[in-house]
Amino acid sequence: MKKFDVIALGELLIDFTENGTSRQGNPLLEANPGGAPCNVLAMLNKLNKKTAFIGKVGRDSFGNMLKEAVLKSGTDVTNLLLDETVPTTLAFVHTLPDGDREFSFYRNPGADMMLKKEEVSEELIQSGKIFHFGTLSSTHDKVREATRYAIEIAKSNKLLISFDPNLRIPLWDSLKRAKEEIEYGLSRCDVLKISDNELEFMTGTADYDKGMEILRQKYEIPVVFLTLGKEGSRAYFRDWMVEEPTFLQQGTIETTGAGDTFTGCALGYLLDNGIHALTREKLHELLKFANAAASIITTRKGALRVMPEKEEIMAFINSRE
């Protein structure tokens, strides 16, 4: 018996998001707990899955806040470490009129970059069913070594490997390096969640069908989820392509965490049903549920603290049918 359903490694940081203006006309920023891997785990916790996180924050007020938030969300923080000298990473999120975002990062260095190979718990990884990661834990040498070490432990212990590139161009010293690290993730994963802009970045085409054909032929990833923003999402499995539209809402304020919410729902569904038992009907059901959850999160500030309950997602779907 495995103790944890999903174990994730990566960045944990503060997302400063816009929340109105002061009387003096200055922008007010809200400090939201963030970081894609823990957002994914927070959604999984709402689906009654057992999760654990591997990472590092600073021993400062933000780091303490993050550790408490992740623990309160239901995730095990045994391997969440506090760095004594490097501060917690900060991200400032500027919301565009359509709800999309631009990021500015304060991470030179940031504590999440300081995770070392010898600080990764092999025993913890062995106790999981799925290992999930992105590329922000591969932007610098030390944390890249730690990430690859963790992936190899997961592989050797037959965990399902889940990967979300989560491309953040400002954090890379070169696009060549970013592409190399995404290629590494693609070569190691069993489940891929990739966005439309990331697919274009990796394949050089804005044609989704051509891009997915290039990707799947090169890497032979068993299950691929392609998120398309307002156009919905697709699942690629065997020789099938299944598509579901998004749930557009007038109450959308920002898209922070929408992809992570989708990923958490997709992994939760795979845990309940298994990959090999997937049918077209089940893939439609998975995409609809994940799209609905992602739509709900776009109406809220932040993500980690405000993930929707399963009953809320189902009620939302029913209200739109």
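Student: In which sense do strands S10 and S11 pair?

Tutor: This is a predicted model, in which local features need pLDDT of at least 70, side-chain atom pairs count only at pLDDT 80 or more, and totals for chains, interfaces and linings use all residues. Residues are numbered from 1 along each chain as its sequence is written, and side-chain values use heavy atoms, with hydrogens and water left out. Strands (E, at least two residues) and helices (H or I, at least four) are DSSP runs numbered from the N terminus, and two strands pair if DSSP finds at least two bridges between them. S10 (residues 191-195) and S11 are joined over five bridges, and their sense is parallel.

Student: Which residue of S11 stands opposite Ile 194?

Tutor: Ile 194 faces a residue of S11, a strand that spans residues 223-227. The residue opposite is Leu 226.

Student: How many residues of S11 are buried?

Tutor: Buried means under 20% relative accessible area, exposed over 50%, and partly exposed in between, with a 1.4 Å probe and protein chains only. Val 223, Phe 225 and Thr 227 point one way from S11, while Val 224 and Leu 226 point the other way, and all are buried. The count for S11 is thus five of its five residues.

Student: Which residue in S13 is the bridge partner of Ala 235?

Tutor: S11 and S12 (residues 233-237) run antiparallel and are joined by five bridges, with Phe 225 opposite Ala 235. S12 and S13 also run antiparallel, again over five bridges. In S13, the partner of Ala 235 is Val 242.

Student: Which strands stand at the edges of the sheet?

Tutor: The open sheet has nine strands with mixed pairing, in the order S5-S4-S1-S8-S9-S10-S11-S12-S13. Each edge strand has a single partner strand, so one side of each is left without a neighbour in the sheet; these strands are S5 (75-83) and S13 (240-244).

Student: At about what angle to S13 does helix H9 run?

Tutor: Axes are lines fitted to C-alpha atoms, for helices over the stretch in contact (heavy atoms within 4.5 Å), and angles run from 0 to 180 degrees between N-to-C directions. Helix H9 (residues 280-297) lies across S11, S12 and S13, and its angle to S13 is about 35°.

Student: Why does Asn 39 count as buried?

Tutor: Asn 39 is placed in helix H1 (residues 36-46). Not counting residues up to four places away in sequence, Asn 39 touches Pro 33, Gly 34, Gly 257, Asp 260, Ala 303, Leu 304 and Met 307. Asn 39 counts as buried because its relative accessibility is 2%.
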